[in-house]
Structures are given as structure tokens and as C-alpha cells.
Amino acid sequence: ADLSDAKLVSVFLTNANLTRADLTNANLTRADLTNANLMGADLTGANLADTVFSNTRMPDGSIKNPTT
């Protein structure tokens, strides 16, 4: 999915499948990515300020939680 430059401020993306999504320069400030799958997604230049990560699969396949 092409979500480049998208404004996703404070959006609930819980359980979202964003595999291979283009999120370049997207604004994900305060978005909730709990249980989301970002495997292979492009987050280049994305604003991730205060984004909630909990059991979130990151682009590299790792799992990110609030303390990691």
C-alpha cells in the first residue's frame, strides 16, 4: 500500500497488516501500532514521535514493545 506522506496522527492501527507498505515521510505521531505487522515496510523519514509499539512486528522482522 502506498501511504507515503500520509497524515496518520493519533490513528488506531491495532492489528493492521502493513506488510511492505510505503510509509515514507508519513506522520504517525501518537499512532497506536499494537500488534501491527510492518514487515518489509519503508519507514524512511516517517515521524514516529510518541507512536505506541506493543508486540509490533518491525520492518526487519523484530518485535518491538514499549520497553525495547
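Thr-51 has 11% relative accessibility and so counts as buried (under 20% relative accessible area; exposed is over 50%, partly exposed in between, with a 1.4 Å probe and protein chains only).

User: What kind of model is this, and how are residues numbered?

Analyst: The model is predicted: local features need pLDDT of at least 70, side-chain atom pairs count only at pLDDT 80 or more, and totals for chains, interfaces and linings use all residues. Numbering runs from 1 along each chain as its sequence is written, and side-chain values use heavy atoms, without hydrogens and water.

User: Which residues does Thr-51 touch, not counting residues up to four places away in sequence?

Analyst: Contact means heavy atoms within 4.5 Å. On that basis Thr-51 touches Leu-28, Thr-29, Arg-30, Ala-31 and Leu-33. The Thr-51 side chain also reaches the backbone oxygen of Leu-28, at 2.7 Å.

User: Is Val-9 buried or partly exposed?

Analyst: Val-9 is partly exposed, because its relative accessibility is 33%. Beyond four places in sequence, Val-9 is in contact with Asn-27, Thr-29 and Arg-30.

User: What lies over the face of Phe-53?

Analyst: A charge sits over a ring if NZ of Lys or CZ of Arg is within 6 Å of the ring centre and within 35 degrees of the ring normal. Here Lys-64 lies over the face of Phe-53, 5.5 Å from the ring centre.

Note on methods: Polar contact = N/O pair within 3.5 Å; in protein donor to acceptor, adjacent residues only side chain to side chain.
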